[in-house]
Each structure stands twice: as structure tokens, then as C-alpha cells.
Amino acid sequence: VTRGPRPLASDDALDLLVHSSAAALCVDDGEHLRAVPVRILAATADVVEVAVRDDSAVAVGLADRAACLVADEFASYEQIRGTIARGVIVHGSRGVVTLALRAVTGFSFAGTLPEHLRTGVEEA
Amino acid sequence: VEHSSPETLVALLPSRPAVVLFCRDRHGAPIGYPMTVLRADKDGALFTTYRKSKKVEHLQRDARVCVFAQGRDGEAPWCSLEGVASVWSPSAPQLDQAMGSTGGDPRVPPGMAEHVKQRIVEGKRVLVEVRWNEGA
């Protein structure tokens with residue numbers, strides 16, 4: 001039986017986010033969902049600051065809007081891990097965005113591989 | 001590089017990029033999920049997830065999505081495409097047709113693709129098919 005991903009402890013989820021080489025930030029600009037690549041500059045359990053790649057204009061004038069930050073790792077099936085950080089933009093200038101976090105969740109696929117795939121023997 | 005072009009996504013896929021499916025929760029706030037792309041072309045993209053997952057609930061309430069992709073080193077091209085998602089359960093022949101000839105992923109063990117297909121046909125998993133908006 002395939003099990004779904006397991007939750008990560010909040011500290012581990014935040015740690016994954018902080019050490020991610022690339023993340024995605026999505027904001028609803030009032031009409032559309034806009035997602036841009038970002039790099040994490042600093043993060044605590046309450047606030048995260050990111051640098052937006054390519055100086056995207058998405059960060060301009062979006063204070064008080066809900067946003068979602070996502071980072072994940074996928075070196076192998078068992079090493080799939082991800083963090084979903086949600087909150088509100090408290091400051092957005094060109095190139096840098098500060099997000100007040102309301103919820104940080106993480107998941108991991110470690111230990112979820114079906115037994116018959118782990119051993120390489122197909123079930124009858 | 002055109003950041004809103006499906007061609008950018010298609011070109012990125014062989015490098016196993018980080019792909020996130022963003023949608024809206026019941027409050028209308030954005031929420032994203034890392035995903036594996038089963039197939040993508042100029043018209044849309046295909047994903048699979050658990051039928052009982054939260055994202056299915058979100059997509060059935062509000063089908064508007066944004067698919068984001070970038071290289072895992074944070075340096076490669078990136079794209080952000082808007083579209084509309086539909087959630088459906090295919091029969092085995094429909095699944096084969098929908099998936100086409102998708103290549104294997106060396107990061108997952110042999111047999112995983114067939115295992116996932118079986119779960120889709122059994123109805124434990126569903127397909128999430130995104131059609132790009134005009135000019136996405």
C-alpha cells in the first residue's frame with residue numbers, strides 16, 4: 001500500500017526552507033496568481049525575507065497580500081521533502097520581499113516506499 | 001527566456017526542475033504543492049495526486065492555477081504559467097493516452113511508474129490536467 005507523505009516537524013520544515021537553493025513565491029495580485037523564483041535571505045519561525053530573481057516587479061506594491069513560499073528537494077524518492085510557508089507580505093520593494101508567516105508545514109516521503117518496490121520484487 | 005511560455009517549461013523538464021502547482025485555498029489565499037510533471041506541452045500539463053488530498057479539494061472549488069518551474073540550482077531559466085485545472089479519473093486506456101510516452105525518472109525506483117498507474121486506475125489517485133490560458 002502506498003502511503004502518502006509524512007509531516008515534517010516545524011523546525012525541520014523551516015530548516016529545509018532556509019537551506020534551499022531555490023524557492024518559489026506566489027502572490028495573488030487581485031486577478032492572477034503570480035509566481036516568481038526567490039532565494040531565501042533570512043528566516044525565523046515568524047518572518048522570512050527573500051530576494052526575488054530577475055528583479056521581478058511582482059513584489060512591488062503587494063503589501064498585505066497573502067502569499068505562499070514553497071521549496072522542495074528531490075534527489076531520490078525517499079529523499080523527497082518539501083516546505084510550504086504561508087503568510088502575508090509585510091514589505092515588498094523591488095527585489096526583496098518580507099513575509100510574515102502564519103503557517104509553515106513540511107512533508108517527507110522517507111519511509112513511504114511500498115515494500116515491493118523497496119526490494120525490487122513485484123507483488124504477485 | 002520567455003517566463004510565461006509553455007515552451008520554457010517543456011525545455012526545462014529533462015533537467016528535472018522544481019515544479020510547483022499553485023492554487024487557492026478556501027479563503028482564496030495562494031497555496032502551492034511541489035509536483036512531478038507526467039507530461040507537458042504547448043497546450044497544458046498533466047499531474048497526479050491522491051484523490052483525498054487537500055489540493056484536489058482546492059482545485060474542485062477553484063480551478064484557476066499557476067504552474068511554476070525552475071532549475072534546482074536556482075540559476076536555470078524559469079517559468080510561471082496560468083491555466084485551469086480539471087481533476088479526473090481515467091480508465092486504463094484513457095490513462096495511457098493521456099500520459100503518452102513519458103520517459104522514466106532515474107530518481108525513482110523501477111516499477112514506481114506502473115505502481116502509480118495502477119493506483120490511478122484503481123481510483124486511489126486522480127489525474128490533474130492543466131490547460132494553459134490563452135497567452136499563458
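**Exercise 1. Which side chain of chain A meets the side chain of Glu82(B) in a salt bridge?**

Keep in mind as you work that this is a predicted model.

*Solution.* 
- Start at Glu82(B) and look across to chain A: its partner is Arg34(A), and the N to O distance is 3.7 Å.
- Next, check the cut-off: a salt bridge needs a side-chain nitrogen of Lys or Arg within 4 Å of a carboxyl oxygen of Asp or Glu, so this pair qualifies.
- Now widen the view: chain B and chain A share four salt bridges, along with 14 residue pairs in polar contact.
- Finally, ask where chain B's side of the contact comes from. Strands S1 (18-24), S2 (30-35), S5 (64-70) and S6 (78-88) and helix H4 (112-122) of chain B each supply at least two residues to it.
- Sorted by class, that side of chain B holds 19 nonpolar, ten polar and ten charged residues.

**Exercise 2. Describe the extent of the contact between the two chains.**

*Solution.* 
- Begin with the residues: 39 come from chain B and 39 from chain A.
- Then turn to area. The two chains bury about 3,100 Å² between them, and carbon and sulfur atoms give 59% of that.
- Pro30(B), Arg72(B) and Arg107(B) supply 19% of what chain B buries against chain A, more than any other three residues.

Conventions. Residues are numbered from 1 along each chain as its sequence is written. Chains are lettered from A and ligands numbered from 1 in the order in which they are written. This is a predicted model: local features need pLDDT of at least 70, side-chain atom pairs count only at pLDDT 80 or more; totals for chains, interfaces and linings use all residues. Side-chain values use heavy atoms; hydrogens and water are left out. Contact means heavy atoms within 4.5 Å. Buried area is the accessible area (1.4 Å probe) that two parts lose on being put together, summed over both. A polar contact is a pair of N or O atoms within 3.5 Å; within protein, one must be able to donate a hydrogen and the other to accept it, and residues adjacent in sequence count only if both atoms are side-chain atoms. Helices (H or I, at least four residues) and strands (E, at least two) are DSSP runs, numbered from the N terminus. Ala, Val, Leu, Ile, Met, Phe, Trp, Tyr, Cys and Pro count as nonpolar, Asp, Glu, Lys and Arg as charged, and the others, Gly among them, as polar.
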